[in-house]
Amino acid sequence: MAAQDVLDPSNGSKNTMKIENTEKRDTLIDIEKKYQKKWADDHVFEIDAPTTAEFPFDSITPAELHQKFPKQMVNFAFPYMNGSLHAGHAFTSSKMEFATGFARMEGKRALFPLGYHCTGMPIKACADKLIREVEMFGKNFEGYAEEELANGDANPTPAPTQDTKADITKHVTKKSKAVAKTGKMKYQFQIMQAQGVPVEEIHKFCDTDHWLQYYPPICQRDMTSIGARIDWRRSFVTTDANPYFDSFVRWQMRKLKELGKIKFGKRYTVYSPKDGQPCLDHDRSAGEGVGVQEYTALKLKVKEWPEAAQKLLSGKLPSSANVYFVPATLRPETMYGQTCCFVGPNITYGIFKVTDDEYYFCSDRAARNMAFQSVFPEWGVFPKVAELQGSDVVGTLVNAPLSVHKEVRILPMETVKATKGTGVVTSVPSDSPDDYATVMDLAKKAEYYGIKKEWAELEIIPIIETPKYGNLTAATLVKQLKIQSPKDAKPLAEAKDEAYKEGFYNGKMIYGEFKGKPVSEAKNLVRKSLIDAGDAFNYAEPDGLVISRSGDDCVAAHLDQWFLNYGTSANGGDGEWCEEVFKHLESGNINMFSSETKHQFEQVLGWLAQWACARSYGLGTKLPWDEAFLVESLSDSTIYPSYYTISHYLHSDIFGTKPGKFDIKPSQMTDEVWDYLYCRRDTVNCDIPIDQLQTMKREFQYFYPNDMRGSGKDLIQNHLTFYLYIHVALFPKEYWPRGIRANGHLLLNGEKMAKSTGNFLTLSGAVEKFGADATRIALADAGDGIDDANFEETSANAAILRLHTLKEWCEEMIHDARLVQSPEEFAKLRDAEKMKNTDVIQRTGPKNFWDELFENELNGLVKETFDNYSSTSYKAALKTGFYDFLLARDSWRSATAGASVGMHHDLVKRYIELQALMLAPIAPHWAEYIWLEVLKKPSTIQNALWPEVPATVPALTAAREYVRTTASNITSAEGMQQKKLAKGKNVDYDPNKDKRLTIYVAASFPSWQNSIIATMRDAFDGLSLDMKAVTSKVPKPELKRAMPFIQELKKRLDSKEPAKEVFERKLAFDEVEVLTAMVPYLKATVKKCLQVQVIKVEDADGGKKKKGVVVVGEGEGSPVAELPQTAEGAVPGKPGYLFANV
């Protein structure tokens, strides 16, 4: 790929849809831009609480205010300002946007604010890269040779590697979030070019402040372009760039420290040696969500080296040296059962000097981690004195602490990985399926592996007993899962997880010092015993690959640091705090919108532990009591939704340089003031006027608690859980969050979004390509659950045509309407004038049967759509409020046109009005145009309330379904005849010639069914049907005919359909009346149908035979003696029909 192609901003979307004919789209975009400007000019989305002038501060409680003036506050995790928003941002924000639009229609004061996240490493790291690149290539990078991009090393970020879950009791992320979707580019300036930043502007981004100036306006532009109902007065940037927000964060951190929620001490954390500080989730280019895994590192002292190792080590170790193999284990309680120790024969290991007399054998990676855990004398230094292959040390005799076998051998294991643990694995075949499978294989193929068979045949001692697998768990699982060799990776991974889980939760020690204790208790006791005896030490590493944004391969470091004491007591955290959060989660006072979301929160609360809340590099607020550090990016973004409630009173620009509604200085915002505003105290001593303080406090008390917080599901494991923790710590219970709506990731056209594959779409790109409303419709259509959603460009493109076509139809119906008084006038005008669209000829006066069906259907769809919006099921709301609305209209148009009666003018207007209202939350620009310019309403649809409609009439609903089913069955039968004719088969009539349609409608159900229903009613106890009792009372000659009928009714009863409806079987409508109304429609829609005759079929001769009478059509009132078989099968609600040529 040529260098210029790589850097072309459009390259990232090269494989997405291309649109050629844009006239319809451009028409819609013109409308969208017009109304976006009008909404902004009219301040439509600027929402305030009821003022203290209307309701004095102490005259009404917040609860009473909410009752009198319902409100809704929603927001999503504010975007990071190091690039433009993409379709994934649009998807998450769309949920908040649709919720806001609907809440306004419910009469709520609906607040949707948005800020700009700038805290942390990303901006600083990128700016520092650009400084170096400007030094290398010049201000405009003129010294850069283009061929380097095409031919040089693109230095892609390595993908994280994950083995089977290390610790079954702890969460491990399944994959890293792709933070940078920029493809493979070596330099930061290239990434900026690919994002569309002009090359002559890029050098300005060397200054971190420029990022804060450049991207927020782009964010506001893009969110405005899609029609977001955001109150932009409340926006702000994070970090000390805004002194008011800086004060807010400093207050928050001081309060948490005062409450004992922030602690100081040594703990393991993911750390970047290059950056010299912890590398937390938002500081990473790979490995987001990866935490630290702690191990027990055993010390297996070498007693005897094999000959190969002796030669390699000659002269490299002092004679007094004690060398220890250092396996890392998660199961110290099983060490009593060690039978050998494994190394990877093809792995390169080192021997590292700890003291003059002590040396450790492990992988380089492990030694590097240990160097930042005070294992070696000098921080960050791990002196290697020798290097060996694993195969060189096979056969080494070592001492095994705690093992019943005091000395064991080092043996080869081909599945050992240098990227996990220390690369040395101690073997406990009693409880580890991997170990069991390997020692069995080694013993079987000793000669092949170059070992002595007896080395692999030490007795396997039972250590732990479980109810499920006995006292030799590994052997049992290997047998059950039919594992044949160590290469059976998938079943071994399954067995490993199962063995660990069963052992930890249900196992009991049956050997050793802690015999009789549960494994869950003995685990830490054995660990302590080993460490106290000097036979082990603590070791930790990142539980997966973590790459910092500076490109560093991170380690686990044991640091003195400030940390938020999250977690259960068992995880070393503040157990009471964790329990309060858990109780809120389970209280029913917070809506998670899906059971899976709630389940994920419960899991996170179980494993989440202490979290470093400070760093020394990046952007942010200085830690108030230790200003050498900054508050990290996931710790300053927990309760900021509360800041939205008052921000516009403090400042009128995002940087806090211009005063807000009140002339309050940052210095006036003391901790005492913040405490007062956020209901932590009732009085305050400050120089801010009390009326201003009360006004701000009113805003907080009115809009809080936060009703819905939106985010991608990947933030459940950190940000969203922190959000709950800090709210619970700092606010009274009535202000704790009321809703968290997590969504899945967004696929684009069924594939992962990535610039490198050309399958990427920015928010601005989507709006430019499809327009705002079509994009919004595709976002609504993408999906609503926590599973990954899919933005289909074909859906957005189809929405353009639908919206434009419907817009033109609405315009014609209102502007060009020709009103008539009767069906006769309709037919006369239709036939007299050649009209492009006869829909404009509209009836007035009384409504007919078709009108009633349509109006009733609309009422039902309005109710369904309301329920769908209420449950945030936007895909379903789009279906019922748009697609089904269109289908209902088309059915009505077809029926009234076929019946030559035309549509009713009032109902046309009603449909258009309801359609605009149904679409207002999702496609507000289109709805606004119809509302104001077609229907000529006096004010914006953004302030319109949800329409009130009468309850649906069951009889009309049933009649509508009857009409559609009957018409469909008749046309399908006609179609079958056409197919037969086309294939040269014999047909009963020629469908292409003039014909008569005869419909046979049953006056009653067959009398034999009545007796069976009576029998079934007696055998039904309200819960279940006694089939034996039923079949025993049905005469044997009748069973063949009766059983399908019995089974059908039983099926309905089993589905919990009310027994009364099942047994009484009365139609909710007059079938003959409905068919009479259908006759003109059927004549018009069935090809060459000259006559329609309806014959009513009744029982005769005591039910032994049938008789008929013509009730509609030629010969009306005449009896019909001979009836065809199709008439015999007719039952109420399911007519028979017959075609014949005339």
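Which residue in S35 is the bridge partner of valine 1097? Glycine 1108 is the one you're looking for. Keep in mind that this is a predicted model.

**Strands S34, S35 and S36**
- Strand S34 covers residues 1089-1100 and strand S35 covers residues 1105-1112; the two run antiparallel and are joined by seven bridges.
- S35 also pairs with strand S36 (residues 1119-1120), again in the antiparallel sense, this time over two bridges.
- If you want a spot to look at there, valine 1109 stands opposite proline 1119 in S36.
- The hairpin of S35 and S36 has six residues between the strands, and glycine 1113 takes a positive phi near 100° in it.

**Helices H10 and H24**
- Helix H10 (residues 243-258) meets helix H24 (residues 716-730), with axes that come within 10 Å and cross at roughly 75°.
- Angles from 65 to 115 degrees count as roughly perpendicular, so H10 is roughly perpendicular to H24.
- On the H10 side, the contact is made by Gln252, Lys255 and Leu256, while H24 brings in Ile726, Ala729 and Leu730.
- Sort the residues of this H10 and H24 contact by type and you get four nonpolar, one polar and one charged.

**The annotated span**
- UniProt, in an unreviewed entry, lists residues 1001-1056 as "domain: Leucine--tRNA ligase RagD-binding".
- In the model, residues 1001-1056 are 70% helix and 4% strand.
- The end C-alpha atoms of residues 1001-1056 lie 29 Å apart.

Methods: Residues are numbered from 1 along each chain as its sequence is written. This is a predicted model: local features need pLDDT of at least 70, side-chain atom pairs count only at pLDDT 80 or more; totals for chains, interfaces and linings use all residues. Side-chain values use heavy atoms; hydrogens and water are left out. Axes are lines fitted to C-alpha atoms, for helices over the stretch in contact, and angles run from 0 to 180 degrees between N-to-C directions. Angles under 35 degrees count as roughly parallel, over 145 as roughly antiparallel, 65 to 115 as roughly perpendicular and the rest as oblique. Contact means heavy atoms within 4.5 Å. Ala, Val, Leu, Ile, Met, Phe, Trp, Tyr, Cys and Pro count as nonpolar, Asp, Glu, Lys and Arg as charged, and the others, Gly among them, as polar. UniProt positions are given in the numbering used here, feature names are shortened, and annotations may be inferred rather than shown by experiment. Two strands pair if DSSP finds at least two bridges between them.
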